[in-house]
Amino acid sequence: MEFNEKNKILTAGILLLTFTVYSFHLYSSLPRQNLAKADDSNGKLVWQDKNCISCHQIYGLGGYLGPDLTNVYSTKGPEYIKAFLKTGTVVMPNFKLSDKEIQELLGYLKNIDQTGKADPRTFTISYNGTIKQ
Amino acid sequence: MGPLSNKEHKLFKAYLLTALMLLVLGLSWGIIGSLQYISPGLLKQHFSFEKIRPLHVSSVLFWIIIASVGMVLTYLPSVTGKKLYSFKLAYIHLLVFIISTLGIYFAYISGNFGGREYWEFPPFFAVLIIAGWILFLINFISSLSSFRNQPVYIWMWMTGIIFFLFTYLESYLWVIPYFRKNLIGDLLIQWKSNGSMVGSWNMLIYGSSIILMEKISGNKETGQSSIAFILYFTGLFNLMFNWGHHIYTLPTAPYVQYISYAVSMTELFIIGRIIFNWKKTLDTAQKNLHILSYRLLLSADIWVFLTLALAILMSIPGINVYTHGTHITVAHTMGATIGINSFILLATITDNTEDNCSNLLHYHKIINKGIWISNISLLVFWCSLIGAGIKKAIWQTAEVQNSFSMMMQELKPYFIVFMAAGISLAIGLFCIIFPLMKMKISCIFKK
């Protein structure tokens, strides 16, 4: 394939246009709310403010020093989470969260829990290499 | 790319010394972080891991970005045959970077975070970085005499600059409630932007590496060849669409997975080409191995092969479901940022130092040792992360699981190797960095 100036501009133009359309399609069709639970609490901001993601994961995304917390709300329950948040652990500092912050954080973990399962054992692998839950 | 003018060299020196200092800091934070893995609770009171990790990540990413911007600004006049449009803009951009870095350091230390995965800090600093980047864009475009018939590296730099701007802005869409409140949508957009942003600074770095390769090989046609443009467009295609492999397990529309999976497989073409050209690479290596910058470029070539092979495997959803959330992902990131990005940048800095300062002959031995130590250590470091990742993957998929803390205990031997290799890697890189810094500071300008 000869890449003359016209071909280069054409290729770049097609790629750019496709990328722009794909990006805006994704922005306008974010996962439906029954799939991607809407979060009206401030819990996510508490999660970000304390930088929880540097050690913990949500859907396997995050740091690896602590466990994945996507489904911790349903597997361990709110009291278990509260105990950790109030005292910290050998590795995790006690962030001295207020009761309100703890409630908000629990709200976030409850909401994220309802969006789906992060456990790799719940996925099936198709013959063509794709996965589904 | 040969000797620079006095003015150009001063600018390059300012960028490079700043970047190298950040690399030294980044490596130091990295060592502390690895110590925290094997000694839980270390420095928990004042420098717990949620502070150390962003300090390490931001320092290293600022090293990569500042060095690659400095490199583009320095190479640009020799490519266009025109002077840089504005030295003032370039210095203001550097100043903005320095102020942002100091501010971000202060924010982390005082416990103020952006709280996003990867490169994160309070949004105010993002505004500063965007403002500085716009100055860079203005300087770059104004320095070009024409957009026609430009070599591939100009296309790559232009792509890198524009896509960084776009993806960086995109990564802050979370400040808008529409995005932030949709928990899965927010993760989707975050990883769409992060995935492509990495591709954008890779474009800046790879563009500079082609120029250096042209110089070493003496073949000035590389930048205009069809194969260079085919590889560039393959890279651009992946930058735009292959980010989905970060989020295969998210409950998103299935087409996100299918598109990313299909696009990622086009990278097989790049890896096939590396294998096809292996013999040619070995011949070139025999001829140029005495050149320090070539040794670093050759190291990067080997790491391109290893990292790309791992990336392609991880892009297959059926494999990704096991590797995701494990240290295999970290191995991939380390291979890319150290083995590819840092080695290419150090190669271009070494070449520039030899061209513009009294030669590095006095330091050849120590730099050469540094190249060997860092490569061997990085390989051990990489393998230990893959080993830990495989062990964690087995744990993740076991019918009956031990507790998380027990699993982490079982990974300890891997973490010890990872920490020891990390320290040795830092020593190897220091053997390269410190002579370069010393030469740059006391540089007796050749012209």
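Which residues does Thr323(B) touch, not counting residues up to four places away in sequence? They are Met314(B), Ile328(B) and Thr329(B), where contact means heavy atoms within 4.5 Å.

Before going on, the basis. This is a predicted model, in which local features need pLDDT of at least 70 and side-chain atom pairs count only at pLDDT 80 or more, while totals for chains, interfaces and linings use all residues. Residues are numbered from 1 along each chain as its sequence is written, chains are lettered from A and ligands numbered from 1 in the order in which they are written, and side-chain values use heavy atoms, with hydrogens and water left out.

Back to Thr323(B). Its place is in helix 13 of chain B; helices here are DSSP runs of H or I with at least four residues, numbered from the N terminus. Thr323(B) has a relative accessible area of 9% and is therefore buried (buried means under 20%, exposed over 50%, partly exposed in between, with a 1.4 Å probe and protein chains only). Leu313(B) is ten residues away from Thr323(B) in sequence and 9.5 Å away in space, C-alpha to C-alpha.

Next, Ser315(B). This residue sits in the loop between helix 12 (292-314) and helix 13 (317-323) of chain B. Its relative accessible area is 1%, so Ser315(B) is buried. A polar atom of its side chain lies 2.7 Å from the backbone oxygen of Ala311(B). Leaving aside residues up to four places away in sequence, Ser315(B) touches His245(B), Tyr248(B), Tyr261(B), Ser264(B) and Met265(B).

Phe241(B) brings in the other chain. Phe241(B) lies in helix 8 (residues 226-241) of chain B and, at 6% relative accessibility, counts as buried. With residues up to four places away in sequence not counted, Phe241(B) touches Leu15(A), Thr18(A), Phe19(A) and Tyr22(A), and also Ile259(B), Ser260(B) and Val263(B). Phe241(B) and Tyr294(B), 53 residues apart in sequence, are 32 Å apart in space, C-alpha to C-alpha.

Now a helix pair. How do helix 2 (residues 49-80) and helix 3 (residues 87-109) of chain B pack? Their angle is about 175 degrees and their axes are 10 Å apart; axes are lines fitted to C-alpha atoms over the stretch in contact, and angles run from 0 to 180 degrees between N-to-C directions. The two helices are therefore roughly antiparallel (under 35 degrees counts as roughly parallel, over 145 as roughly antiparallel, 65 to 115 as roughly perpendicular, the rest as oblique). Among the residues making the contact are Phe62(B), Ile65(B) and Ile66(B) of helix 2, and Phe97(B), Ile104(B) and Tyr108(B) of helix 3.

Last, the rings. The structure holds 42 aromatic pairs over all chains; rings of Phe, Tyr and Trp (its six-membered ring) pair if their centres lie within 6.5 Å, with planes under 30 degrees apart counted as stacked, over 60 as edge-to-face and the rest as tilted. Trp47(A) and Tyr108(A) form a tilted pair, 5.4 Å centre to centre with 45 degrees between the planes. Trp47(A) is in helix 2 (residues 43-49) and Tyr108(A) in helix 5 (residues 99-113) of chain A, so this pair ties together parts 61 residues apart in sequence. Both Trp47(A) and Tyr108(A) are buried.

In chain B, Tyr108(B) and Phe113(B) are stacked, at 6.1 Å centre to centre and 25 degrees between the planes. Tyr108(B) is buried at 0% relative accessible area, and Phe113(B) counts as buried at 8%. Ring pairs also link a cluster that includes Phe62(B), Phe97(B), Trp119(B) and Trp201(B).

Notes
Polar contact = N/O pair within 3.5 Å; in protein donor to acceptor, adjacent residues only side chain to side chain.
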